[in-house]
Amino acid sequence: MRGIFKLSGPKDLIQFRRMTVIATIVALITGFLLATQLRVQQNVAENLSSESKQNLGEIIRDLDFEVRALAKEERDLELRLLKYEDSRADNNVILEEAAANLKSLKKFVGSVDVYGSGIEIDIEDKLSVLNSYDLAELVNEIKSGSSEAIAINDIRIVASTAFADDLDGGILIGGKMTSAPFHVEAIGDQETLLQVVGMLGGIKYTFNSYEGVTFEAHKRAEIAIPSIKG
């Protein structure tokens, strides 16, 4: 990177050091995303041997969704890094963008509390027909609405969260046991989130088609989702 700049004085040296720090931050973010992608693949691979063909298809679909989302984040970061290497870029803008990226990354991995407006979904399942794949599918739908944070029965959902069925009839989310009724909280644009979960033929209609299952989604002005550390 030093070759891009002509260091003629202390001001240029400070600028060069800032650019180096920013490039390092972007590289760390990319590393986090790649490591998260690997963890998701490992979690799925550990359960493949015991799954049915139908479940394997659902696992592959969910994994493909996660991989494509992470690949897009990686490409976006690479493009930003190229822009940062352009000496015409304003340092303050770069620093603000780097800080925003770090903030988004912390939400993505669940290391910070998230507050804001969004939606909540109440799901009754009187006959216990829902399984882990139904909840994973619901989470994927909510993610497609660009939610900032999601929680099910107070369990924070992050990129590496795995869903599995328990032999006693419960559902494991991130290794924590839970069961119906399910209370889902999602922070993000309320109209967009309601639209993605309530679209005709979508996840709401699928859930409501199951015997004993009801699915109700509505806006909520204030939602607080703690970090995975609690």
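**Exercise 1. Determine what percentage of the 230 residues of the protein count as buried, and describe the overall make-up of the chain.**

Solution. Step 1: a residue is buried when its relative accessible area is under 20%, exposed when over 50%, and partly exposed in between (1.4 Å probe, protein chains only). By this criterion, 36% of the 230 residues are buried.

Step 2: the structure is a predicted model, in which local features need pLDDT of at least 70 and side-chain atom pairs count only at pLDDT 80 or more, while totals for chains, interfaces and linings use all residues. Residues are numbered from 1 along each chain as its sequence is written, and side-chain values use heavy atoms, with hydrogens and water left out.

Step 3: the protein contains six helices and eight strands. Both are DSSP runs numbered from the N terminus, helices being H or I with at least four residues and strands E with at least two. Along the sequence, their pattern is α-α-α-β-α-β-β-β-β-β-β-α-α-β.

**Exercise 2. State in which order the three strands of the open sheet are arranged, and which of them are edge strands.**

Solution. Step 1: two strands pair if DSSP finds at least two bridges between them. The order in the open sheet is 4-5-6, with antiparallel pairing.

Step 2: strand 4 (163-165) and strand 6 (176-178) each pair on one side only and are therefore the edge strands.

Step 3: three bridges connect strand 5 (residues 171-173) with strand 6 in the antiparallel sense. Within this pair, Leu172 has Met177 as its bridge partner.

**Exercise 3. Identify the strands that pair with strand 7, and decide whether strand 7 is mostly covered or uncovered.**

Solution. Step 1: strand 1 (residues 114-125) pairs with strand 7 over six bridges, in the antiparallel sense. Here Ile123 stands opposite Phe182.

Step 2: strand 2 (residues 149-152) also runs antiparallel to strand 7, joined by four bridges. Ile150 has Ala186 as its bridge partner in strand 7.

Step 3: strand 7 (residues 182-187) is mostly covered, since five of its six residues are buried.

**Exercise 4. Find which residues touch the most other members of the largest nonpolar core.**

Solution. Step 1: a nonpolar core is a set of buried Ala, Val, Leu, Ile, Met, Phe, Trp, Tyr and Cys residues joined through side-chain atoms within 4.5 Å. The largest one has 26 residues, and Ile121, Ile123, Leu138 and Ile142 touch the most other members.

Step 2: helix 4 supplies the largest share of this core, five residues.

Step 3: contact means heavy atoms within 4.5 Å. Neighbours within four places in sequence aside, Leu138 is in contact with Ile121, Ile123, Val184, Ile203, Phe207 and Phe215.

Step 4: a second, separate core has six residues, among them Val114, Ala149, Ala151 and Ile225. As background, nonpolar side chains tend to be buried together in soluble globular proteins.

**Exercise 5. Classify Asp165 as buried, partly exposed or exposed, and describe its surroundings.**

Solution. Step 1: Asp165 lies in strand 4. Its relative accessible area is 40%, so Asp165 is partly exposed.

Step 2: not counting residues up to four places away in sequence, Asp165 touches Asn131, Ser132, Tyr133, Gly170 and Ile171.

Step 3: Asp165 and Ser132 are 33 residues apart in sequence, yet 5.5 Å apart in space, C-alpha to C-alpha. The side chain of Asp165 reaches the backbone nitrogen of Ser132 at 2.7 Å.

Note on methods
A polar contact is a pair of N or O atoms within 3.5 Å; within protein, one must be able to donate a hydrogen and the other to accept it, and residues adjacent in sequence count only if both atoms are side-chain atoms.
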